[in-house]
Amino acid sequence: MYTLNKGILSHSPLLSRSIHLLKDLAYVNGKWIGGVKKETFPVYNPVDKSVINNVPDMDVEDTKLAIDSASEAFKSFSRTTSKERSELIRNWYNLMVKHSKDLAAILTKENGKSISESEAEIRYGNSFVEWFSEEARRINGEIVQAPVCNRELLLLKEPIGVAALITPWNFPHAMITRKAAAALACGCTCVIKPSEDTPLTALALADLAEKAGFPHGTINVITTSVKNSPAVGKELCENPTVKVVSFTGSTAVGKILYRQCASTVKRLCLELGGNAPFIVFDSANIDLAVQGAMASKFRNSGQTCVSANRFFVQSGKFDKFIEMFLSKIKNEIKMGDGSKKDVTHGPLIKESQLNMVHELVTDAIQKGAKVHCGGTPLSELGPLFYAPTLITGVTKEMKIYDKEIFGPVAVIHKFETEDEVIKKSNDIPVGLSGYFYSQDVSQIFRVAKKLEVGMVGVNEGLISTAEAAFGGVKESGLGREGSSHGVDDFLEIKYVCIGNINY
């Protein structure tokens, strides 16, 4: 069986070394401040629900102050040279690298993922800052060939303005860095609204940005509770001073923000829900497929938007895949307090998440699905732990059939033909990522083109990187993050026609 770590008490030495980055105030216009109404809310450790810190519960009035600060800063920051911005972002990156272990300690404390996963996220998030520090100097316009001899036609790329960045709890470092670094590279200023569950990482990043030398108002972080979050999000979308909103989160919330942004015809970048298919063909290398399944499904205890969610295994490899996958789950996953040595996986983020996962699994069991392992909360570890679970025999009548689970639950379906599995994979309204395993070269090209997703992993379960364009199709969002395309949402193209030139 998988190992259960009985220790759930907080690991204070890990957090004590990062205490200088642990903030209890928001960051607006270069100052550490509380909210206008002086209200606060607690940030909990999901391992045991202990309070880590209290942070300001900011409202619409506070949000307007942050927007105005960013707008004022934009007047001068937008006129900085690409070299100046590149050096500032590189300073920020260097400080993130220097304080990587401190950032990972805070991340583990508020998110619950293991320290090894947190350290991996910090490296991943840092890579976007490094990438965009370099990309800042490659944002070039164009000289277009004119149709007449006495004109010159120029296409200039200019920063769009104040950028509102709304980020989730599952990757509280990486989701900020890949948005903010891109915006700053273009010359935009930022108002960052982190999830109410994980604001401490965002505040630590603001502290390092201040030390890196960013001008006051360039980077602002506002913290909000569940109570104020909808109104603050609405203000960011409807305030005409904000020129672009970049959001990572659920499709349902993304649609709300989409509607709210319509009033000002605001630029939108949305990275929404996934529900990724993971296909194993008979031609697959089964060892690679199982290894990829473990990485893609159980990273962050299944709480990732690109997590493998619907497994399809061809009949010739089905039994062997189940056997090997079960063995890996039972032998390689060690659950517990992520700050402790050798723990690989932590709890779910909050009670509503655990209840949703358990309700889906319970419904499937009651309707005849087979549970090969797990299927229950692990209350002996803490209030939010859920056992790694593998289920087969799931049918369309079960709620879990086409639901994005966002937990450590793998649902495995058997299929017979390529056409059948392509149809099943695409038969959903979202399309963020998809994975498949095959050693047949022709099949690789066919399936990669037919999957209706924005990103495809072929014989690979971990595909995200700063160099590649991250984003989805259908209801999985708009725009791309990372790569040379990551700056596009933060730029406007201005056409300049110079006429009547005497040559």
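Let me begin with Asp342, which is exposed because its relative accessible area is 52%, over the 50% limit. Please bear in mind that this is a predicted model. Asp342 lies in the loop that runs between strand E15 (334-335) and helix H12 (351-366). Its phi is positive, about 75°, although Asp342 is not a glycine. As background, most residues other than glycine have a negative phi.

Lys474 is another such residue: not a glycine, yet with a positive phi of about 55°. Where does Lys474 lie? It belongs to strand E22, residues 473-474. At 37% relative accessibility, Lys474 counts as partly exposed.

I turn now to the aromatic rings. How many aromatic pairs does a search of the whole structure find? The search returns 13. Consider the pair of Phe281 and Phe436: the ring centres are 6.2 Å apart and the planes stand at 85°, so this pair is edge-to-face. Phe281 is located in the loop between strand E13 (276-280) and helix H10 (286-298), whereas Phe436 is in strand E20 (residues 433-437); the pair therefore ties together parts that are 155 residues apart in sequence. Are these two residues buried or exposed? Phe281 has a relative accessibility of 1% and counts as buried. Phe436 is likewise buried, with a relative accessible area of 0%.

The next pair is formed by Phe311 and Phe321, with 6.4 Å from centre to centre and 40° between the planes, and it is tilted. Here Phe311 comes from strand E14 (residues 308-314) and Phe321 from helix H11 (residues 315-332), so the parts tied together are 10 residues apart in sequence. Both Phe311 and Phe321 are buried.

Phe311 and Phe321 also belong to one aromatic cluster, together with Phe278, Phe298, Phe325, Tyr435 and Tyr437.

Finally, there are contacts between charges and rings. The charged end of Lys23 is placed over the ring of Trp32, at 5.1 Å from the ring centre. Lys113, in turn, lies over the face of Phe171, 4.0 Å from the centre of that ring.

Thank you for your attention.

Conventions. Residues numbered from 1 in each chain as written. Predicted model: local features only at pLDDT ≥ 70, side-chain atom pairs only at ≥ 80, totals over all residues. Heavy atoms only, no water. Phe/Tyr/Trp six-rings, centres within 6.5 Å; stacked < 30°, edge-to-face > 60°. Helix = DSSP H or I, 4+ residues; strand = E, 2+ residues; numbered from the N terminus. Buried < 20%, exposed > 50% of the residue type's maximum accessible area, 1.4 Å probe, protein only. Lys NZ or Arg CZ within 6 Å of the ring centre and 35° of its normal.
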